Amino acid sequence: MDNGPDAERDAILAALKPVVEGIAATFGPVCDVVLHDYRHPEKSVVAVAGAVTGRQVGGAMSEIGMRVLARGGAASDELNYVTRTRDGTLVKSSTMVLRDSTGAVFGALCVNVDVGAVTRVHDLLGALAGLGAAPAELPTTTFGNDIDSVVDALVDAHRSKQRGSWAELDRAERVELFDGLDARGVFAVRGAVEQVAARLGISRASAYNYLSRARAAHDPSTGGST
């Protein structure tokens, strides 16, 4: 009988699969619940109930999952945060990190609630009451079923924050772009460096070089130099 860490993690996931169905049934069609196994980032979704984010079993983790992976043992639950899906649906979500008995993070249970209808009622009541405050701009989250679309979306989001094309960025800005992607957990995914390089139109070697510089800036042993 296998009593190793993978057997324990498999048992935890198996125990949570009925919970996925139960939570989704409780909230109804405005909710979906997704169970992730982060040991397999490219196909982390092992159970799903509901259709708010369009996730499917065998689908990839979202950028939120990448962020959890990037934080490693320091990862913590993220509760009641609000984002928009790429089709504009307003979603309130909670991501609850799963740990084994050693404390190692290996997955997450995610609950997503479509709050668009509630928001529309709120806006209508605000208009009737004469409250004209503009709604806050919310980040857009990519809930893709393949890891490539998630990585591409993160690269595009970071590029949009900087001026011009890759060729117009100076060295510090290029390092900053790779540092931002690394902080979001992009490079925890197998093959992501090559994908980012292709997306930016640079060589694989150049991508690894900028990633190395970004990581060196946070390494005390290098004196924080790039």
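Okay, ground rules. This is a predicted model, where local features need pLDDT of at least 70, side-chain atom pairs count only at pLDDT 80 or more, and totals for chains, interfaces and linings use all residues. Residues are numbered from 1 along each chain as its sequence is written, and side-chain values use heavy atoms, with hydrogens and water left out.

Let's start inside. By a nonpolar core I mean buried Ala, Val, Leu, Ile, Met, Phe, Trp, Tyr and Cys residues joined through side-chain atoms within 4.5 Å. Buried is under 20% relative accessible area, exposed is over 50%, and partly exposed is in between, with a 1.4 Å probe and protein chains only. The largest core here has 34 residues, and M66, F178, L181, V186, F187, V196 and L200 touch the most other members. Several elements each supply at least two residues, including strand 2 (45–49), helix 5 (171–183) and helix 7 (204–216). Helix 6 gives the most, with 5 residues.

Look at V186. Leaving aside residues up to four places away in sequence, V186 touches M66, V151, L154, L181, A192 and V196, where contact means heavy atoms within 4.5 Å. Apart from this core lies another, of 16 residues, with L35, L90, L98 and V115 among them.

Now the strands, which pair if DSSP finds at least two bridges between them. Strand 4 (residues 90–99) is largely enclosed by the rest of the structure, because 7 of its 10 residues are buried. With strand 3 (residues 78–84), strand 4 pairs antiparallel over 5 bridges, and E78 sits opposite T95. Strand 4 and strand 5 also run antiparallel, joined by 9 bridges, with S93 opposite N112.

Rings of Phe, Tyr and Trp (its six-membered ring) pair if their centres lie within 6.5 Å; planes under 30 degrees apart are stacked, over 60 edge-to-face, the rest tilted. F178 and F187 are stacked, with centres 5.9 Å apart and planes at 0°. F178 and Y210 are stacked too, at 5.9 Å and 25°. F178, F187 and Y210 form one aromatic cluster.

How values were computed
Helix = DSSP H or I, 4+ residues; strand = E, 2+ residues; numbered from the N terminus.
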